Amino acid sequence: MFAVLSNIPASANSVVKFNGLNYDEWAEQIRFTLGILALDLAILSDEEPSAITDKSSKDEISLYETCERSNRLSLNLMRLTMAESIKPSMPKTEKAREFMKKIKEYSQSELADKSITGSLMSELTTKKYDLHGSESMHTHVTEMSNLAAKLKKLVLVQFVINSLPAEFR
């Protein structure tokens, strides 16, 4: 079990960073990673175990502790895989399942579009190629092109929405 736990940081690095536009890809990778680590109970189960009391059985205590651990580590993994630029606007919750639901809602909101547009513009104008970094020139150019394409799409959508009468927005 310790070997699995020591791989959580590596697992976080292997999950695509959530940037507000890529919920489906991010959520799929989060579900897969949590499943591999046997930590997905918190996002799969609707039910919460009963709180531990003096009358709780060993099985009830074990289930409660497993669920709490799954929830805590799931939340940590999800928060670790958020792009720095959108972390401040992420929901504050202590339940992993609720967090995923709120992230999905955020990714589909108008607020996300405005926030993401600013983040993409900032990243596009400040990102520099590092000659001594591990990234190849091809990867850097591809990433910059992808950023520009995402920004173009968002700006175009916003122009179209702004052109519509208020009753259609």
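Predicted model: local features only at pLDDT ≥ 70, side-chain atom pairs only at ≥ 80, totals over all residues.
Leaving aside its neighbours within four places in sequence, Val-16 is in contact with Asn-22, Glu-25, Trp-26, Gln-29 and Thr-81. With a relative accessible area of 23%, Val-16 is partly exposed, since the buried class requires a value under 20%. The C-alpha atoms of Val-16 and Ala-27 are separated by 9.3 Å, the two residues being eleven apart along the chain.

Of the 169 residues in the protein, 29% are buried. Among contacts between residues at least 6 apart in sequence, 61% join residues that are at least 24 apart.

Helix H3 comes next. Its 14 residues should span 20 Å at 1.5 Å a residue, and the 20 Å between its end C-alpha atoms agrees with that expectation. Tyr-23, Trp-26, Ala-27, Ile-30, Thr-33 and Leu-34 are the buried residues of H3. Viewed down the helix axis, these buried residues fall within an arc of 135°, and therefore line one face of H3. On the face of H3 turned away from the buried side are the exposed residues Asp-24, Glu-28, Phe-32 and Ile-36. Trp-26, one of the buried residues of H3, is also among the contacts of Val-16.

Beyond H3 the chain reaches Ala-38, which is found in the loop between H3 and helix H4 (41-44). Most residues other than glycine have a negative phi. Ala-38, however, has a positive phi of about 60° although it is not a glycine. Ala-38 counts as exposed, at 56% relative accessibility.

The axes of helix H5 (residues 58-80) and H6 come within 9 Å and cross at roughly 30°. That angle makes H5 roughly parallel to H6, because angles under 35 degrees fall in this class. On the H5 side the contact is made by Asn-71, Ser-74, Leu-75, Met-78 and Arg-79, and on the H6 side by Ala-96, Phe-99 and Met-100. Sorted by class, this contact has five nonpolar, two polar and one charged residues.

Helix H6 itself (residues 96-107) has twelve residues, which should span 16 Å at 1.5 Å a residue; the end C-alpha atoms are 16 Å apart, in agreement. Within H6, the buried residues are Ala-96, Phe-99, Met-100, Ile-103, Tyr-106 and Ser-107. Seen down the axis of H6, they fall within an arc of 120°, so they line one face of the helix. Ala-96, Phe-99 and Met-100, which are buried, are also the H6 residues that make the contact with H5.

Finally, His-140 lies in helix H8 (residues 137-163). In contrast to the exposed Ala-38, His-140 counts as buried, at 9% relative accessibility. Not counting residues up to four places away in sequence, His-140 touches Lys-127, Lys-128, Tyr-129 and Glu-135.

Key: Residues numbered from 1 in each chain as written. Heavy atoms only, no water. Helix = DSSP H or I, 4+ residues; strand = E, 2+ residues; numbered from the N terminus. Expected span 1.5 Å × (residues − 1). Buried < 20%, exposed > 50% of the residue type's maximum accessible area, 1.4 Å probe, protein only. Arc of directions from axis to C-beta. Axes fitted to C-alpha atoms, helices over the stretch in contact; angles between N-to-C directions. Parallel < 35°, antiparallel > 145°, perpendicular 65-115°, else oblique. Contact = heavy atoms within 4.5 Å. Nonpolar A, V, L, I, M, F, W, Y, C, P; charged D, E, K, R; others polar.
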